[in-house]
Amino acid sequence: MEQEKARTRLFIWLWTAFVVVLLYLPIACGALASLSKGRYFAFPIRAFTSEWWEKTLDSIEIGMIVQTSLLVAALVTVISVVVAFFGALAFARYDWKGRRLFQKIVILPIFFPQPVLGLALLLWFSAVGIQTSWLTAVFAHLVWIVPVVTLVIAIQVYSFDPSLEEAAFDLGATRWQVMREVTLPILWPGIWSGALFAFLLSWGNFPLSLYTAGADSTVPKWLYSKMVAGYTPMVPALGTMSTLGAASALLLGGLVLWLLRRRAAA
Amino acid sequence: MAQTSLSHPAAPVSLEAAPALPTKRDALLSLGARCSLPVIVLLAVGFVAPLIAIFAYSFAKPRTFEVFRSFTLVNYAEIFNVNNTVWLSFLWSLGFAFATCALLAVIAYPIAYGLNRVFGKWSSLVSILFVFPLFVSENVRLYGWVLFFIKNGVLDGTLKMLGFEGGPQVLYQPPMILAGMLYVYLPFMLFPMTLGLAMVPRDLIDAARDLGANRWQIWREVELPLAMPGILIGMLLTFVLGIGAVAEAKILGGQSVIVISHDIFIGALTLAVFSRLDLDRLLGRR
Amino acid sequence: MTQEAAPKLPILQLVGVRKTFNDFVAVEKIDLDVIEGEFLTIVGPSGSGKTTLLRMLAGMDQPSEGNITLHGERINEVPPNKRPTCLVFQSLALFPHKSVGDNIEFPLKVRGVDAKTRKARALELMRVVRLPESYHSKNVMKCSGGERQRVALARALAYDPEVLFFDEPLSAIDYKLKKVLEKELKDLHKETGKTFIYITHSLEEAMVMSDRIGVMRAGRLVQVGTPEQIYNHPVDRFVSEFVGEVNVIEVKKGEEGAPWRGIDVPGAFHVRPPEEDAEADHAFVVIRPEYLRFLGAGDTAQNSLKGMVYNEYSLGSRIQYQVRVGEKVMLVELSRSKALPIAADRSVTVGWDAADAITVRA
């Protein structure tokens, strides 16, 4: 019995490790490719160089694209957190007539394939005569990301005891004071995770940006266009940089989250 | 109210403050409904309206965007044409989606189980390892695979170095497309499944064991049925995403299979599954 | 210890059982014989290690040291599904996706019993626990608290285990229903003749049902005895206070032959020496509120204290008075029929006889 249990545990550890390796193998391949000398990738690598990283960093075109991507991600984060915060309250906190229906409507876009959504939005924009640009991309990202962030915050809201708000009212606080003194501080970890999700999902999004960013380009979109036509080692270089950027954002965000939790526990 | 014979000169404040809650409730919309408004408006303009637009375009003349000036059923007639390749590609995408969904369930289950029962304090680190790739653009990750399998790529190069023939040319073949889909959608199966397994109270498993059930019986009679809501959501997510796998098909499959998206089908399927699940219980665990 | 009238063999034996989690000692060196067919209750405050003890008996945890034997055979590592014992969980652990009948039949199903026999057995058990037959197909989540309790009991009895464990199953049930279920459980114990081991934090619950009670504190089994022994002969201050509200006076032995001196209240007292240690010179005198009485003119008692009544509470059939004696508050309880019309802030004298008080080692 015990031996069988130990075997199962070992199998689960090994299997998980195997899947994790597969998950990160292509990212490692990209990093390798970006560091190899020569115009075309060939393994094993004969000579390493940081040439392509330098070229990528120096490129004005790429700088603009990164700027656009950051701008889009930042706007999406701010708007989606505000909208999703109230959405999460409606989703999980208040009991109201249309809640069950609302919950299903919110979930639907997440389940919708993004390329289809992107294409549908493109048709919609052209039908009402809106020129697509990075601004329309922000809107498209919001349609998919707001539901995700709503869910993330809702999970925190579920663990929130509504009698705390009632107690604050009872002690004489106004609605605004209750929000500021009780609701927001308790929900902070959820809001912060929501913001992190919003930023990172927008930063890495490809299918929505492809259809709705018009002439403007984001990092994933630019990478795609170069993959299809005109490979240069700058493609894996920028891809790796973008991955590292997301990793550091996650690390930083995680650190803040950890501090928030610790402060809440203290 | 004004003519009440009892006077409370000492407490006029409380008389004014007290009705604050009830009067707000009497407003045009309930508090919950008002909180939901921003999301509702966003989804109405950004989700429902575009879908209606697509529907309208389906009546336009092929290869034009004149929606309201021309009305034609040519597109629909085309779909019902037996020789149309749309049907073939529909079957292809259905098959791919089924295979993705089934294989991912098998791949993810041991990991989800481990996250709940085996990894202990390591489980948050392990889940971060699985979440992170979600934030890396999928084309970057898939391109990494291309670099791995391509001629003179990592696999080919390694095998040649070891004196073998060189790697097989698997890129742009259907099995490779399936592998790409498994790779991209793993987290979408893993996390709902983990959530579902976390909903099985430890007590129930202990109780089942105490009552004489062996491990297989515990799994079949208690663990699986109770984790089913989460597993179902994971399967639905991966199935639906699998059907809409355009990006993967374009990159890994070249032009060999056109995977088309089937929006109405997806919407109906999603709603059908969710109408049978209690989201409050699934997410809030109460 | 004197021999029992009909000496029965111990069914379960614990010898030096110890359980540690990393550095934390949850259960410390417990020796205990459980007699076949008895109703044994382990009481203790939360965190005293009683649940850990029960989980080891049921096989869900293994002792770090010591041995657990069943019918003389060591069962330390025998998994729960291989033990002829069954645990009724605090949460009851009913399977929410199964009907009442399927819950009760579960242990039979996993043992490969055919459907017809299973159903007959389930219906029989439902009669025993007083559940209507129509409940067989009812969703278990739609049952009330008391009904769920009965389902859990029937399920535990289904495969005829020799020992039943109970982990505070009545803790979440309202007072009135709890009283009914306590008595039903006691009846069930008599009807089935099985060994019941029950844990709870409420001594009141233990007193109603048990043949023997074990009191746990900080991982140790402090005292094991009949309810009468626990109530009237507690081994220390902790056990005496656990039984209910008591008055405790700290005393020191005086010179040879002289009475004992009070430490936290002034005065000299007649005190019986502690049962456990007749030579002790430092002790606590424990007086239950119902043994303390008001002394009017002409009334006498071996010991007395002067104080001031400052509060009175109705406890239903009895009335409790709070009397301030110096810095200390003494509790006096009288039955309602004997209640005195005592106004607050009235000076009184309270008294007791040495024979009515219990002395325990300090």
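## Sheet of chain C

In this predicted model, strand β17 of chain C, which covers residues 318–325, is joined to β18(C) by eight bridges, and the two strands run antiparallel. In general, the strands of a sheet pair through backbone hydrogen bonds, in either a parallel or an antiparallel manner.

The two strands belong to an open sheet of five strands in chain C, ordered β15-β19-β16-β17-β18, with antiparallel pairing. At the edges of this sheet stand β15 (293–294) and β18 (328–335) of chain C, and because each has a single partner strand, one side of each is left without a neighbour in the sheet.

## Helix α1 of chain C

Helix α1 of chain C, made up of residues 50–58, is mostly covered, since eight of its nine residues are buried. After α1(C) comes Gly59(C), which has a positive phi, near 95 degrees.

## Contact between chains C and B

Where chain C meets chain B, 18 residues of chain C are in contact with 14 residues of chain B. On the side of chain C that touches chain B, β6 (85–88) and α2 (100–109) of chain C each supply at least two residues. By residue class, that side of chain C divides into 13 nonpolar, three polar and two charged residues.

## A loop residue in chain B

Asn214(B) is located in the loop of chain B that lies between α10 (202–210) and α11 (215–243). Is this residue buried, exposed or partly exposed? Asn214(B) counts as partly exposed, because it has 14 C-beta neighbours inside 10 Å, whereas a residue is buried at 20 or more and exposed at 12 or fewer. Asn214(B) and Leu103(B) are 111 residues apart along the chain, and their C-alpha atoms are separated by 26 Å.

## Overall features of chain A

Chain A contains eleven helices and zero strands, so that, by the definition of these elements, its order from the N terminus on reads α-α-α-α-α-α-α-α-α-α-α. The C-alpha trace of chain A spans about 70 × 70 × 30 Å along its principal axes.

Of the 266 residues of chain A, 46% count as buried. Among the contacts in chain A between residues at least 6 apart in sequence, 76% join residues that are at least 24 apart.

Conventions
Residues numbered from 1 in each chain as written. Chains lettered and ligands numbered in written order. Predicted model: local features only at pLDDT ≥ 70, side-chain atom pairs only at ≥ 80, totals over all residues. Contact = placed C-beta atoms within 7 Å. Helix = DSSP H or I, 4+ residues; strand = E, 2+ residues; numbered from the N terminus. Nonpolar A, V, L, I, M, F, W, Y, C, P; charged D, E, K, R; others polar. Pairing = 2+ DSSP bridges.
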